[in-house]
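Here are my notes on the model, point by point. Have the structure open while you read.

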Amino acid sequence: MRILLSIIFTFTLTVNTFNGQTKSDLEKQRKIALEEIDLVDKMLKETTKEKKESLNELKMIGSKLALREKILRGMREEIDLLIERIDLNNIAIDMMENDLIVLKAEYENAILSSYKTSKGNSRIAYVLSSRDFNQGYKRLKYLEQITKIRRRDTETISELKEQVELSKIKLEEDLNRISDLQSREEQQKSLLRGEQVRQQKIVRNLSTKEKNLQKELEEKKRIARRIESEIAKLLEEERKRGAITELTPEQRLIGESFEENKGRLPWPVERGIITSKFGIQHHPVLKYVTEDNIDIEITSSGNTPVRSVFKGDVARVFAIPGANMAVIIRHGRYLTVYQNLVNVIVKAGDKVSTNQKIGTVFADKDDGDKAILKFMVFEEKSKMDPELWISKKN
């Protein structure tokens, strides 16, 4: 019985601890997502002042919808975890209460039996009636053991009653938490529906400007081709100098360190949201049109300094007509590219450290002062998803 009780306590504690950690993680993720939504809202307010709907505004709303859906998924996961914990605690409470009934009955029977045995035959008389000293000593130790067992039984019953009461309090807290989460879930769903309506309205309005959107898409492709061309030129120049095949020990070490930090690199800007993903993506407005992005777009607002995500050597600084400046930094065999910059403060050949400022993102006064950084990662000529290299949150 007591072994079973110990197993129940251990199992319940393990489940509660695991769920507690998961619940904490979910709450942390929800807090980060809400902070990002606040940032998007601030940027969207600036856009609204301009009274000009744009593709970037649509992308920001798309990011906001994704964040809102992430919050809802987290709430649903937390509710499911709480329901699971309630079910397990209910099972544990039932088993503990059954154990409590059995333990009380056993204790009452033991007390009653002891009373009947000792009636008219006191403990002292029981010890003194021994035939010799050894038997008296054994009888005395036996009585002490009986006392210890009863004391332990009393403590076990008391602890079990306390555990049952604590579990019931926890159940009540969990039920209240579920009710609160369900209420907040409905609020988030209402906000999500409103944002979806706004998104659809912008899509309809932008659909009437198909020619402009096609032009923007071609411009984006032109910029991507220019950057890839510059990287190809850079690699060819280095190849001629034998730099690629014979990286210095320091460059090899930097490349290895860069690779080891995949998923942990700092963001190239202090604050921002990813509004365009890497790889093949459906166009947010044009039907049956896809984009093959070599970068991610990180949208910020106002004066936004750009930082190198890792130590390395500035390999190239060049202008792209109509798209401002671009900086390529080499990290061993890896390259990071920062495009749409102004006020660049580094030049080819400079050594930079992690988080060192290299310039500022161009802020578009005609689009609510939005600052859109195009960020790329290459392993020589191979395009890589930058989002997999930077930390989950800047």
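**Notes on cores, a tryptophan and salt bridges**

1. Start with the largest nonpolar core, which has 28 residues; Phe258, Val306, Tyr338, Ile358, Leu373 and Phe375 have the most contacts inside it. Helix 6 (249-260) and strands 4 (296-301), 7 (325-331), 8 (334-342), 10 (357-361) and 12 (370-379) each supply at least two of its residues, and strand 12 gives the most, with four. By core I mean buried Ala, Val, Leu, Ile, Met, Phe, Trp, Tyr and Cys residues joined through side-chain atoms within 4.5 Å. Buried is under 20% relative accessible area, exposed over 50%, partly exposed in between (1.4 Å probe, protein chains only). Helices (H or I, at least four residues) and strands (E, at least two) are DSSP runs numbered from the N terminus.

2. Before going on: this is a predicted model, so local features need pLDDT of at least 70 and side-chain atom pairs count only at pLDDT 80 or more, while totals for chains, interfaces and linings use all residues. Residues are numbered from 1 along each chain as its sequence is written, and side-chain values use heavy atoms, with hydrogens and water left out.

3. Take a look around Ile358. Leaving aside neighbours within four places in sequence, Ile358 is in contact (heavy atoms within 4.5 Å) with residues including Val306, Val327, Ile329, Tyr338 and Leu341. There is also a second, separate core of 19 residues, with Leu55, Leu58, Leu192 and Val285 among them.

4. Trp389 sits in the segment after strand 13 (382-384) and is buried, at 2% relative accessible area.

5. The salt bridge count comes to 27, each being a side-chain nitrogen of Lys or Arg within 4 Å of a carboxyl oxygen of Asp or Glu. Arg177 pairs with Glu78, closest N and O atoms 2.9 Å apart. Arg177 is in helix 4 (residues 133-207) and Glu78 in helix 2 (residues 55-118), so the pair ties together parts 99 residues apart in sequence. Arg177 is buried at 19%, and Glu78 is buried at 1%.

6. Lys383 bridges to Glu228, with closest N and O atoms 3.3 Å apart. Since Lys383 lies in strand 13 and Glu228 in helix 5, this pair ties together parts 155 residues apart in sequence. Lys383 is partly exposed at 38%.
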